[in-house]
Amino acid sequence: MGKPLWQPSRERIGRTNMHRFMQHVNRRHDKDFNTYDDLYRWSVEEIPVFWETVWNFSGVIASKPFDAVVDDVTKLPGAKWFAGARLNFAENLLRFRDDRIALSFKGENKSHTVNLTYAELYDRVARMARSLRQMGIQPGDRIAGFMPNMIETVIGMLATSSLGAVWSSCSPDFGIKGVLDRFGQIQPRVLMTANGYSYNGKAVDCLARITDVVSQIPSIERVIVVPYTDAHPDISGVPHAIQFDDFLSPETGLDIDFVQLPADHPLYIMYSSGTTGVPKCIVHGIGGTLIQHLKELVLHTDLNRDDTIFYFTTCGWMMWNWLVSSLAVGARVLLFDGSPFYPGPEALWQLAEKEGVSIFGTSAKYLAAVEKAGLKPSETFDLDQLKAVLSTGSPLSVESFEYVYRDIKADLCLSSISGGTDIISCFALGNPMGPVYPGELQCRGLGMNVVAFNDAGQPVSGEKGELVCLAAAPSMPINFWNDPDGAKYTSAYFELHPGVWSHGDYIEITGNGGVIIYGRSDATLNPGGVRIGTAEIYRQVETIPHVLDSIVVGQDWDDDVRVILFVKLMDGVELDAALEKCIRDTIRQNATPRHVPARIIAIPDIPYTISGKKVELAVRKVIQEQPVKNKDALANPGALDYYRDLAALKV
């Protein structure tokens, strides 16, 4: 089992919400559980009873109770959760309306933090909801956010969900094509944007792109512009534009009429990475998202009203949605927009000290980077309030586990967590009652019947396998947008093992009850924990005349993944500096900076299957010096030889 890096004291365990919940279960259900393993085993054996207990324990606000927790936990896909219930997501997040701070925002280009109390938040949401209602926004209408991670974004989401409309957001660093690939599918009536954003000390304009986007999405009736990098932006050139403060109702003291809706009413539309084409639009429901987030925040993260929780995220990552649900607990949510390394690598730890952060969330790539920068926050900053560090996006290396306890703080719960946009939550995450072992996620989430399947489709422990979930969970998508027969949804998760959710991660269930993540088992790129679809890169490269074809893969590098682009060029064309720059600029301008490859390599041929599909996984295996199985499925298997022992991939 190895030696744990951290073990909570008995006193600390006794103060956790997880321990309090375990005692609640013991009393309510006549149990005698003493360990997390006991609690987990019960939670996956008695799934309906477990989720009913979480619903009551977390105080979900509903105007009408559910008739049944779930119709059939073995129905994958298609299980129906909390039938008969009527509730509103925003009402649950706005249950506190006092003068304690709800939201704090710090932009990298701002000298001070802006605070908003729960009472002020309720008032601004009420004013925005009134204006949206007056323009005729109805349940099911879509409202899109092209926003930095700032207070107005949260107000927009809460006002949207208070009316039963559907919120969808992406990061403002997306190019026009990336935005259209997403918002163009869902046809929003309202688009919310900032005039620009700041990254690494540079202001970036958004309004020119928004003008182009609005011209290509005819459903957009109103563009709400939040002044950010410019206090008085010129919005005269943006169709249907109005400034945020001017859009809000001038009335104050309004009550919000929270529209009561079924638990499976759409709340969020998230987006897949776009590996096989335009991104899939993943629809998540009110009830499942709410109860799963409450379970993870209250029990697995040990969040309380006195906590200040921070997560470095953009509004295009599901961690933003997860973070904002902390409002339902009454905690203080700290938002940040900008580069985590501006003006230096100490920026976020300086913020954590100043704002008294108790739960600090980030990515594995960030922790590795600050270690390489020689940063030792424990020697420089007062992190007395810090009780947990959360890491996600990619597997956290053993070295980073050790770095956290050596150079950040010795007494905290380091929770490496893993799940995704697909379930807007986690399959494996933290356990504040348990020890932390290097390289391991502490536990599988309560109520999540997760196992590792070997190649024969059998559960295995202590060896690598495919992450699967054997039973329904409330935060699984209610459907995909524009997928009337459910074919895309079924294909995404249930094709490999019918009736079982296959997630696409390669994992091991350890003897400690923990989970080791070995990476993605499909072709999705994952540099720095940001999911990138190969098709999003292909669509840009295909526009470059001198490039005949291309294939893009991820290469394991320095405890992360770097993007490698191979290009097949026209006869007589060389991959010189000018062409490389053209490729990089095209990708950067039309996708995001994260899509830009670390290496671009000219190659004579691109391998395809007989059915005409590029084989990214086979190429990745070759450059990782791993064996390639089933070459018979390839139309040109000899092409793989071009990818072996490339000098450019050694540096």
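Across which strands does helix α20 lie, and at about what angle to β30 does it run? Helix α20 (residues 616-623) lies across β30 and β31, running at about 55° to β30. Helices (H or I, at least four residues) and strands (E, at least two) are DSSP runs, numbered from the N terminus. Axes are lines fitted to C-alpha atoms, for helices over the stretch in contact, and angles run from 0 to 180 degrees between N-to-C directions. Contact means heavy atoms within 4.5 Å.

The model is a predicted one, in which local features need pLDDT of at least 70 and side-chain atom pairs count only at pLDDT 80 or more, while totals for chains, interfaces and linings use all residues. Residues are numbered from 1 along each chain as its sequence is written, and side-chain values use heavy atoms, with hydrogens and water left out.

**The three-stranded sheet**

Strands β30, β31 and β32 form an open sheet in the order β30-β31-β32, with mixed pairing. Two strands pair if DSSP finds at least two bridges between them. The edge strands, each pairing on one side only, are β30 (547-557) and β32 (599-602). Neighbouring strands of this sheet are turned by 25° against each other on average, direction ignored. Strand β31 (residues 560-569) pairs with β32 in the parallel sense over four bridges, and leucine 565 stands opposite isoleucine 600 in β32.

**The seven-stranded sheet**

A second open sheet has seven strands in the order β6-β5-β17-β16-β18-β19-β20, and its pairing is mixed. Its edge strands are β6 (114-117) and β20 (413-416), each of which pairs on one side only. From one strand to the next, the twist averages 15°. Helix α14 packs on this sheet and touches β18 and β19; the direction of α14 makes about 90° with that of β18. Within the sheet, β5 (residues 101-107) and β17 (residues 332-337) run parallel and are joined by five bridges. The bridge partner of leucine 103 in β17 is valine 333.

In α14 (residues 364-372), the buried residues are Ala364, Tyr366, Leu367, Ala368 and Val370. Buried means under 20% relative accessible area, exposed over 50%, and partly exposed in between (1.4 Å probe, protein chains only). An α-helix has 3.6 residues a turn, so residues three or four places apart point the same way. The cover over the buried residues of α14 includes α13 (347-355), β18 (359-363), β19 (388-392) and α16 (398-408). Serine 363 caps the N-terminal end of α14, with a side-chain oxygen 3.1 Å from the backbone nitrogen of tyrosine 366. Just after α14, glycine 374 has a positive phi of about 80°.

The buried residues of α13 are Ala347, Leu348, Trp349, Leu351, Ala352 and Glu355. Glycine 356 follows α13 and has a positive phi, near 65°.

Serine 358 lies in the loop between α13 and β18. Is serine 358 buried or exposed? Serine 358 counts as buried because its relative accessible area is 5%. The side chain of serine 358 makes a polar contact with the side chain of aspartate 307 (2.8 Å). A polar contact is a pair of N or O atoms within 3.5 Å; within protein, one must be able to donate a hydrogen and the other to accept it, and residues adjacent in sequence count only if both atoms are side-chain atoms.

**Strand β15**

Five of the five residues of β15 (residues 281-285) are buried. Cys281, Val283 and Gly285 are on one side, and Ile282 and His284 are on the other.

| Strand paired with β15 | Bridges | Bridge partners |
|---|---|---|
| β14 (residues 266-271) | five | proline 266 and glycine 285 |
| β27 (residues 479-480) | two | isoleucine 282 and phenylalanine 480 |

**Rings and charges**

Phenylalanine 33 and tryptophan 42 form a tilted aromatic pair, 6.1 Å centre to centre with 50° between the planes. Rings of Phe, Tyr and Trp (its six-membered ring) pair if their centres lie within 6.5 Å; planes under 30 degrees apart count as stacked, over 60 as edge-to-face and the rest as tilted.

The charged end of arginine 562 sits over the ring of tryptophan 557, 3.7 Å from its centre. This term requires NZ of Lys or CZ of Arg within 6 Å of the ring centre and within 35 degrees of the ring normal.
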